[in-house]
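I opened a notebook for a structure that is new to me.

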Amino acid sequence: MKRLIPAALTLALLTTGNVALADSAAPGFIRVDQVGFASAETKHAYLMTSGAAGRFSVVDGRGREVLAGKAGRDLGTWNARYPHVYDLDLTRLRTPGNYRIKAGAVTSPTFEVTPAGLPAAPARKVVDFFGLQRDGAATRGGPSHLNDRAASVYAWPEFTGPDTDQIKGGLTRIGGPVDVEGGWFDAGDYLKFTHILSYVDTLLWAAERDGAPVPNLRDEAAHGLRYLDKMWDERTRTLYIQVGIGAGDEAGTFYGDHDIWRLPQADDGDTGDGRQFIRHRPVFRAADPGEPISPNLAGRTAAAFALAAQLEPSRARAAKLLDKAASVYAMAKTTGVGQLVTSLPHAFYPESVWRDDMELGGAQLALAAQRLGDPRAGRWLAQAAHWAAEYLKEEGGDTFNLYDVSALAHTDLIKAMRRAGTGGHAVSETDLVAGLRAQLEIGNRRAAADPFRAGAKYDEFDSVPHAFGLAATSRLYRSVTGDRSYDAFGTGQRNWALGANPWGVSFVAGAGQNSIACPHHQVANITGRPATGAVVNGPNSAGLFEGGLGGHFEEMPPCPPGGVDRYEEFTGRGSRFVDDVRSWQASEPADDFAAVALYALTLMSR
């Protein structure tokens, strides 16, 4: 869980030491995408220093100079210690190979140039992370939470405040048993949310459809869909939204998931005092059976089933998936909506935008129906266009992430409209393309004012998934327009997330020479096995760290040894990054982060 302070935890940290520039006493660092570039891509690195910059060179794996040049313009101040950030243009480097950049005594991490597309390893690693996140019988570390096969349903709890997950009073059982075994853990904890999993599974199927092939991707997408099939009870028209609780009660009579640091395999047999909801995890539903469902949930859950229908080889099975998607979509509550349903408490995932979800669900239904020759395609196309028009009128302003899926929705609605060959819709292709361009311009304006060309806000939550979302949007825009004018911007956002940032950290574990080493992840921390492919929040508001990083659980191996923040000197522009077991603000991975990163990487690897 990554939104509330009580949900805190993390693991270890790699840094590079200070080195002096050859022609001055100014310390400096070269920041570069540690994964690398495709040969034809625009390529930039950054020299961060307190003094003037001169020339730089690029050397290959044998130490031979293959490119030399003069540092480009000063892009601005990062902080008082590093008032200069110089652009290093590497675009002329096109020969495939492994390289490092040198400027005086400063040397960059190694990066790769590939003939076409990106190196395949990062996307494979992200898919591998989903394997680590699996819950239930088909898990890497042994079966976990098999008691979820016969779980009880509870009424929504009351909480002690709007910004806490502490429960006021007890829990009231209202139904069950239901089978909710399987799925993925949401983040570094063991809770499961339909709001998150439907978004994640939608992006996994989209990556399988739109991106470069990745081993095991389809298996992981199918794993997620099997869980969604359990969470949607078509017979009773009930959508279950959550398994487990974050915290215990105010009186201290029972514990929640965030109160204990352990491996998931321990929960089914945990008979300790107050562990009843650890051993038998409660389930919560979106609404009473047969009652309308929050439209964000209905739209994105329908999208996951409909995307799977587009890729299912068996037409009979695809038709069943389409019908399942249609039944969820039809339950959307689109009048008198009120506060959206995401999680309990809502503060975990405070989404407020929903018309994009309805557009996404309608577009995927239309595409699946067009593939199958289903006569309902026109109806869903019209609904998607309606919600797109309403989104553009009422809700625009964010970019691609967990809370705004309009970039994918717009792109696929354009595809569905072109396949239908009909006009007169509530929104035009021109409107949708303008919507995509507007999102890219939000990031582009930020990047123009930032010394590392970051298009995401790095003094807020979710900077890394926003960066990957912008990278993906640049390629989605190109796919429907043929216009490559945002390609360099999109590449720059990926570069930022993979090491070309002030901290010199790749925020994808195991991707790059200096990747995140301390993800807020219980399995990785306890077992010592790295959470390879995990994608973390990244930098956050420096103010969130003013009260410290918090303490360790007794069962939590400390990391880094001594708890020294080796990245403190790079705090700047109101943001801070800490790679520490206690740094819930920056180092917690989450499935939604990994999903949008994977989608961007597969689109850019084609």
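Entry on confidence. I note that this is a predicted model. I looked up the mean pLDDT of the chain and found 94, with 95% of its residues at 70 or more. Over residues 5–26 the pLDDT is below 50, and I see that this stretch has 90 contacts in the model beyond near neighbours in sequence.

Entry on the cores. Which members of the largest nonpolar core touch the most other members? I found Phe468, Trp496 and Tyr599, in a core of 168 residues. I then listed what Trp496 touches, leaving out residues up to four places away in sequence. The list is Phe452, Ala454, Tyr458, Ser463, Val464, Ala467, Asn501, Pro502, Trp503, Phe507 and Pro539. I also noted a second, separate core of 19 residues, with Val32, Leu67, Ala71 and Leu90 among them.

Entry on Asp357. I located Asp357 in helix H7, which covers residues 355–372. Is Asp357 buried or exposed? Its relative accessible area is 0%, so I wrote it down as buried, the cut-off being under 20%. Its side chain makes a polar contact with the side chain of Arg300, at 2.9 Å. Setting aside neighbours within four places in sequence, I found Asp357 in contact with Pro295, Asn296, Gly299, Arg300, Glu351 and Val405.

Entry on helix H9. I looked up residues 406–420, which form H9 with 15 residues. From its first C-alpha to its last I read 20 Å, close to the 21 Å expected at 1.5 Å a residue. How many of the residues of H9 are buried? I have eleven of 15, and I call the helix mostly covered. The buried ones include Ser406, His410, Thr411 and Asp412 as well as Leu408, Leu413, Ile414 and Met417. I checked what the buried residues of H9 pack against and found helices H2 (194–210), H7, H8 (377–394), H10 (429–448), H11 (463–481) and H15 (591–604). After H9 comes Gly421, and I noted its positive phi, near 70 degrees.

Entry on Leu402. I found Leu402 in the loop between H8 and H9. Leu402 has a relative accessible area of 2%, so I count it as buried. I also looked up its C-alpha separation from Gly256, which is 146 residues apart from Leu402 along the chain, and read 25 Å.

Entry on backbone angles. Most residues other than glycine have a negative phi, and most peptide bonds are trans, so I looked for exceptions.

I found a cis peptide bond from Gly176 to Pro177, with omega near 5 degrees. Pro177 lies in strand E14, residues 173–178. I found a cis bond from Cys559 to Pro560 too, with omega near 0 degrees. Pro560 sits in the loop between strand E19 (540–541) and strand E20 (575–576).

For phi, I noted Arg453, which is not a glycine and has a positive value of about 60 degrees. Asp462 is also a residue other than glycine, and its phi is positive, near 70 degrees. I placed Arg453 in the loop between H10 and H11, and Asp462 in the loop between H10 and H11. Arg453 counts as partly exposed because its relative accessibility is 23%, whereas Asp462 is buried at 4%.

Note on methods: Residues numbered from 1 in each chain as written. Predicted model: local features only at pLDDT ≥ 70, side-chain atom pairs only at ≥ 80, totals over all residues. Heavy atoms only, no water. Core = buried A, V, L, I, M, F, W, Y, C linked by side-chain atoms within 4.5 Å. Buried < 20%, exposed > 50% of the residue type's maximum accessible area, 1.4 Å probe, protein only. Contact = heavy atoms within 4.5 Å. Helix = DSSP H or I, 4+ residues; strand = E, 2+ residues; numbered from the N terminus. Polar contact = N/O pair within 3.5 Å; in protein donor to acceptor, adjacent residues only side chain to side chain. Expected span 1.5 Å × (residues − 1). pLDDT = per-residue confidence, 0-100.
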